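Please look over the chain and its fold before reading on. The paragraphs below are meant to be read alongside them.

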Amino acid sequence: MGRKILFITTDQQRYDTLGCNGGLLSRTPVVDRLAAEGVRYERAIPQSVVCMPSRSTMLTGQHPSTHGVWMNGVALPVDAPSVAAELHRAGYRTALVGKPHFEPFLDPFGRFTENRLARDEVPTVDSPWADGTVGPHRGFDHLEFATHSPVGPLHYSRWLMAEHPQHLGGFYQVLDADLEVNAAGGGDTGAPQVQDNPVPRDCYHTDWVADRAIAWLDGLQADDDWFCWVSFPDPHHPWDPPASELGRVPWRDVPLPAGYPESASEREALLDAKPRHWRLWYDGQLVSNYEAPAAWVPATLTADQLREVWARNAVEVELIDEAVGRILAEVSARGWDDDLDVVFTTDHGELQGDFGLLFKGPYHVDGLMRLPLIWRPAPSAGVAPSVVTRAVGLVDLAPTFCAIAGLPATEWMQGATLPTTDADAVADSQQRVLTEWDSELHGIAVHLRTITRDGWVATAYLPGAVHDGTEGELYDLADDPLQRVNRWDDPACRATRDDLVDDLWASQPPTRDPRLPVEAPV
């Protein structure tokens, strides 16, 4: 009997929303305890700052250029490499409960496997694997899915429709009447993608995901080795947690975050020093990510609206923490504590007021790129608690899962086992972390490549709809943690910039050819 793996992900969660990372709004004692007992990473970086490419990286251990999911709406091939398949092959029981998003959700005709499972009432299907063999879909014995909305073909939607149809109308409508991302506001301040949701807590998707994960664990044999990916849809927008829980964090008491410049003139000056698409989005002239409502103008965001968004986000984070606690209680009741590794992270961050913006897009700054990541190794492994300050990537998760299971990393994995100390990170010599963005939306193409190394973040732009390929961003994380001063054109930083950019281009991963098609907006 070996080590079991509980992999917990959230969606679109900022680093500073956890107490162990300095967050002051949400009470997160369960995750904070995991951090105190394990390894907390201070600079975990995604390889993409949107859902589908980032989640595909977690599963495959590859950069987006290589696995091919270059933007949201591009389906990860069914036979893509999968760490779950490697674990399954080694005898692990495997499950994914919650939000998958390896394939588009906007799929009314059921073209994609993951959108058909609930309809067909099967836990998995046989699919081709990367090595030419056939096994359970992406290596998972059991699949039960949810997303942010109760509308659609996934398991949570069908459960709510069958068991509690009276609560369907309480959720925020993600799409408007024109099938565009909804810009409507709600709550007390009219903040976008906010709504008072009367759904009872035990019918909300956070508790449903925990319930279904617990049910799967309860069905395992005592001596089973298992890998369970629990994927919570929150705290991604829309911000519509159960209204009964809103009193946890009164929005009027929420301080404005450090990254939000309170005066419009200050916001605009900061944006004007960055490449053009920053200010264009702020003014409502360009939207380069489908999930940002095209009809909403960021310049209209008020301080009170931002407070309400932060408060509701904090409530969602607290509910996740409590749900994680329930899952860990089930693990303890089964006697698996000593051999359980827990990894907690998210797919990307949320701007949440930084520079006066919400949501996400081609903006490679800390709000989107600095993620919560905690690895609590199994107590039986004898790993001392620590804090790793060196940068690591989500591309490192797949080889880490292999290492926990006592398996070698496969040749197609592009990351390395996560270090457990800074000394390990230095000895590893893999100091750089790469992030990429490609999007082509409504005729607007944006392409970025970023390297994080030695306390600097450098982003080079490729030619696109609003960039000619000479633009870039350069930030010194020590002197400018809020990344307000773009030093790309600073003569004093020219040597640093050139060194980073040379390393960036020399380190690019192999690119899948031909490029996969965009199948849906998201």
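This is a predicted model: local features need pLDDT of at least 70, side-chain atom pairs count only at pLDDT 80 or more; totals for chains, interfaces and linings use all residues.

Residues are numbered from 1 along each chain as its sequence is written, and side-chain values use heavy atoms, with hydrogens and water left out.

A salt bridge is taken here as a side-chain nitrogen of Lys or Arg within 4 Å of a carboxyl oxygen of Asp or Glu, and by this rule the count comes to 46 salt bridges. One of them joins Glu86 to Arg89, with the closest N and O atoms 3.3 Å apart. These two residues are 3 residues apart in helix H4 (residues 83-89), which separates Glu86 and Arg89 by about one helical turn; helices (H or I, at least four residues) and strands (E, at least two) are DSSP runs, numbered from the N terminus. Burial is judged by relative accessible area, buried meaning under 20%, exposed over 50%, and partly exposed in between (1.4 Å probe, protein chains only). Glu86 is buried at 19%, whereas Arg89 is partly exposed at 43%.

Arg89 also forms a salt bridge with Asp131, where the closest N and O atoms are 3.0 Å apart. Because Asp131 lies in the loop between strand E5 (126-128) and strand E6 (134-136) and Arg89 lies in helix H4, this pair ties together parts that are 42 residues apart in sequence. Asp131 itself counts as partly exposed, with a relative accessibility of 46%.

Another salt bridge brings together the side chains of Arg312 and Asp196, at 2.4 Å from N to O. This pair links distant parts of the chain, 116 residues apart, with Arg312 in helix H10 (residues 303-333) and Asp196 in the loop between strand E9 (191-192) and helix H7 (205-218). Arg312 is buried at 4% relative accessibility, while Asp196 is partly exposed at 41%. Salt bridges also link residues into a network, whose members include Arg27, Asp207, Glu245 and Arg326.

Turning to the strands, 10 of the 10 residues of strand E10 (residues 226-235) are buried, so E10 is largely enclosed by the rest of the structure. Two strands pair if DSSP finds at least two bridges between them. Strand E1 (residues 4-11) pairs with E10 in the parallel sense over 6 bridges, and Asp11 has Pro235 as its bridge partner in E10. Strand E4 (residues 93-98) likewise runs parallel to E10 and is joined to it by 6 bridges, with Ser231 in E10 as the bridge partner of Gly98.
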